[in-house]
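This briefing sets out selected features of one structural model, grouped by topic. Please read it alongside the sequence and coordinates shown below.

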Amino acid sequence: EDSTYLQLSSLCEYTGGKCYSSVNLKSLSQIMESLCQKLHPGVVLNFRKIGSKEYTNNSQTWKNKEHNTLIKSEERTPLLGLVNGQEEGGAIEDTNMSEQQNNWHNTRRMIFVRPNPKTAVLTGHWPIPESFWPDASIGTLPPRDVHPVVWFDANEKQPYLLESFAFDKYELESSPLTQQLLERKNPAMCWQVFISDSGRDK
């Protein structure tokens, strides 16, 4: 039974859900109550940190903004990591401790689309961009991830909002990434997010 539960739990986690196991009527009632509280409209997204291992392995080439050139993956210089407060070249040691500390670098969670409290109508102005530039000349759509991949830059930026310009505001499901955001305690700043290959010029 434990192996079956682990397999189902892994499957649920992979699809953005959660697996519950009930052993008696009381626990079943508690689970049902918990599920009812979690029934919110939303979208499951993959949040991945720019600069993480997933980002490094995401594509075979990346653009060097300083020199405006394309660098092949085999030509990349080693990532710089902070070890005991000192900057050292090379990859960061892949240990269980570092994986636990960096589990917010790659998170699959839901963003809640809250309805208007007065009309109960879901509010939103902009769809999540596709990971390709739409072109009327293509006969078929390229394959897409079931859950869109959103890359985020963990460097704090000043938000830039045009006056009277519509924007969407979402609530992120509880996760290690949510905890990182809350710990920053700087509501005047923001993290930028990107959809890879969503622009005309990549």
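How many residues does helix α1 have, and what distance does α1 reach from its first C-alpha to its last? In this predicted model, helix α1 spans residues 2-14, which gives 13 residues, and reaches 18 Å between those two atoms. That value is close to the 18 Å expected at 1.5 Å a residue.

**Helix α1 and the residue that follows**
- An α-helix has 3.6 residues a turn, so residues three or four places apart point the same way.
- Just after α1, G16 adopts a positive phi of about 90°.

**The open sheet**
- An open sheet is formed by 5 strands, ordered β8-β6-β1-β7-β9, and its pairing is mixed.
- The edges are taken by β8 (171-172) and β9 (190-194); each has a single partner strand, so one side of each is left without a neighbour in the sheet.
- Strands of a sheet pair through backbone hydrogen bonds, either parallel or antiparallel.
- Strand β1 (residues 42-49) and strand β7 (residues 149-157) run parallel and are joined by 4 bridges.
- Within this part of the sheet, N46 stands opposite V149 in β7.

**A helix across the sheet**
- Helix α5 (residues 176-184) lies across β1, β6 (106-112), β7, β8 and β9.

**Cysteines**
- A disulfide is a covalent bond between the sulfur atoms of two cysteines.
- The structure contains 0 disulfides.
- C36 is exposed, its relative accessible area being 52%.
- C190 counts as partly exposed, at 27% relative accessibility.

How values were computed:
Residues numbered from 1 in each chain as written. Predicted model: local features only at pLDDT ≥ 70, side-chain atom pairs only at ≥ 80, totals over all residues. Heavy atoms only, no water. Expected span 1.5 Å × (residues − 1). Disulfide = S-S within 2.5 Å. Buried < 20%, exposed > 50% of the residue type's maximum accessible area, 1.4 Å probe, protein only. Pairing = 2+ DSSP bridges. Contact = heavy atoms within 4.5 Å. Axes fitted to C-alpha atoms, helices over the stretch in contact; angles between N-to-C directions.
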